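This report goes through selected parts of one protein model. Please keep the sequence and the coordinates at hand while reading.

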Amino acid sequence: MVPKISTLGGYIFEYQKSVTNPTGFWSNIAESFYWRKKWDHILDWDFRSGLTKWFQGAKLNLTENIFERHLFFRGNQPAIIWEPNDPSEAHRTLTYSELFIEVQRFSNVLKGLGIKKGDRVAIYLPMVPELVIALLACARIGAVHSVIFAGFSAQSLGERLQDAGAKLLITSDGGYRGSKTIPIKQIADDAMNMCKCVTTAIVLKRTGENIPMVDGRDHWYHDLMKGAGDTCEAEEMDSEDPLFILYTSGSTGKPKGLVHTTGGYMVYTAYTFKNVFQYGDGDVYFCSADIGWITGHSYLVYGPLLSGATSLMFEGVPTWPDAGRFWDIIDKHKVNQFYTAPTAIRSLMALGMDWLQNKSLATLKVLGTVGEPINEAAWHWYHDHIGKNRCPIVDTWWQTETGGIMISPMAGITPTKPSYATMPLMGIQPMIVDQNGKQLMGNSVEGNLCISYPWPGMARTIWGDHERFVNTYFTTYPGLYFTGDGVKRDEDGYYRILGRVDDVINVSGHRLGTAEIENAINEHPLVDESAVVGFSHPIKGQGIYAYVVCTHFSTGGEEGIRNSIMMAVSTMIGPFAKPDKIQIVTGLPKTRSGKIMRRILLKIAEGKTSEFGDITTLLDPEIVNDIVKGSKEI
Ligand code: PRX
């Protein structure tokens, strides 16, 4: 067993040991799981070819580590507490035994529809317990799940279904989000019509909308579950068999389907969950992330359930019916650990202290944040008013690619500093490099964040495109995994994440590639060209600023074109990718070789118009003045 760490000194001692002998460290952790067959070899890796294999030769089924391993002690303990969108609707609790039965029944449903080990099953559902059931049923039978966030448009969903080669889609008639009802099935229908691979759909009844069902393709979830047997033997998986594909945006156009495998992801998410949040028996843990993103996968479903925790999931939004909703949920279910995004904290902070009146929050022990840098004001508000100065904040830095938390305090052990993710977790070897790849040693340095040694939770490839995986992550700094983030290591050796250094922007914790938004804008028939940059936004962290070249106008004039661009982005990606600002320009600042000078567009978006530096190399320096002038009017 791994020694319990309780002090910073203890952390440093154990950390040193873990990086001196990482394979020994991880095999020791892995021992506490249930493997049908143990590994022959702990780790094989080569960062130049982007190959990493953990626990080779080991056989297991991840769901046996959730159910069979925990049932004896935890059969009657809630595994999932589900809080619905509307507080007047009853919440649901599924104990480990109940969840196990549902998962097995749904596993039988999937098998009955011809789904086998290795098949891809796509999931496009609102935040309901059946989403967890669907994930775990896939894992039980060895199908590879791919969850697509229910805010994505039909176009985005269709592209992902096609890329993954999904055979089956699990969806619902509709979904609730705050005061809105989302027409999920309609979007799913459009997406299925676009792709050639999905032949079967399972539809959950959630809103009771009157929706068309396609004969021979669509089946109601409740009908299929009625006849399903409630035991299902788990499929034996290899440690390196894929568990899921999750799409994320990068600096180039097409979203990447990152592949996570079974054994390493299991060990890593469970280990980091317990250690970062210091989850204790009987605690109630609440992660507000959507399962459509990696945080929901790793720290709402897999990490907590593998650790035998009680995980609370919430269907709705923090501001409906009012801005006290999170705090009501925390009091109602006596939540002990709460994990959310800085954007949620900032939006609630902006709505004022009234929403905290009469909220006790006394059960809280640990607060977490994830997804984007947290500014100091938001950190202090969270710490003082939600944590009442007694709950450590774990500012957890990680990525879809890393599978789990990489740099973070361990609650109550690592002393925190506002806005700092603090220290690497066990076995994680961060390295800061300059533009030329030179390692920046010691403290008080700033540069690009790389990781120099593998960890079990890392993504293994991009679905169907290993070359892209290597090019994206392992070629900028050969021999290192490049995160795409800038970072500072301060005088105490603490890490502070500074944000993306590539063309990725982080809007309310949603990761979006600027190229992806530009592609959507460029689809508009009146747009000649566009360039998108991020700018500081008080609530969203970053907002989207689009410079759009249009030489012909339609009847609605500039306003009309702005609205139709918004629509185009909503249709191509999803409403969350709509630009905050659209400036119609006559041209973009370009170098003589035709490269857009984004540096200048960034400065204009930030209102820093006196800091351009040398612009004489521009093809048409005058264009900059025009853009600056125009920017003041929007
Ligand atoms: O820029 C970093 C930021 O979010 C990016 C990863 O986004 P995604 O893959 O969608 O995963 C989000 C949830 C893990 C990172 O490259 N990021 C994530 N956590 C933090 C962060 N930036 C600052 N501080 C964090 N704690």
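## Basis

The model is predicted: local features need pLDDT of at least 70, side-chain atom pairs count only at pLDDT 80 or more, and totals for chains, interfaces and linings use all residues. Residues are numbered from 1 along each chain as its sequence is written, and side-chain values use heavy atoms, with hydrogens and water left out.

## The open sheet

An open sheet is formed by 7 strands in the order E5-E4-E17-E16-E18-E19-E20, with mixed pairing. Its edge strands, E5 (92-95) and E20 (393-396), each pair on one side only. On average, neighbouring strands are turned by 20 degrees against each other, direction ignored. Strands (E, at least two residues) and helices (H or I, at least four) are DSSP runs numbered from the N terminus; two strands pair if DSSP finds at least two bridges between them.

Strands E16 (residues 284-287) and E17 (residues 310-314) pair in the parallel sense over 3 bridges. Tyr285 has Ser311 in E17 as its bridge partner. Helix H5 (residues 129-141) lies across E4 (78-83), E5 and E17, and runs at about 25 degrees to E5. Such angles run from 0 to 180 degrees between N-to-C directions, with axes fitted as lines to C-alpha atoms, for helices over the stretch in contact.

## Nonpolar cores

A nonpolar core is a set of buried Ala, Val, Leu, Ile, Met, Phe, Trp, Tyr and Cys residues joined through side-chain atoms within 4.5 Å. Buried means under 20% relative accessible area, exposed over 50%, and partly exposed in between (1.4 Å probe, protein chains only).

The largest core has 122 residues, of which Phe106 and Tyr302 touch the most other members. H5 gives the largest share of this core, 10 residues. Apart from it lies another core of 42 residues, including Trp293 and Phe576.

Leaving out residues up to four places away in sequence, Phe106 touches Ile133, Ala134, Ala137, Ile170, Ile202, Tyr221 and Met225. Contact means heavy atoms within 4.5 Å.

Ser18 lies in helix H1 (residues 8-20) and counts as buried because its relative accessibility is 0%. Its side chain reaches the backbone oxygen of Tyr15 at 2.8 Å. Beyond its neighbours within four places in sequence, Ser18 is in contact with Phe25, Met426 and Gly427.

Thr272, in helix H9 (residues 262-277), is buried because its relative accessibility is 1%. Its side chain reaches the backbone oxygen of Tyr268 at 2.7 Å and that of Thr269 at 3.2 Å.

Conventions
Polar contact = N/O pair within 3.5 Å; in protein donor to acceptor, adjacent residues only side chain to side chain.
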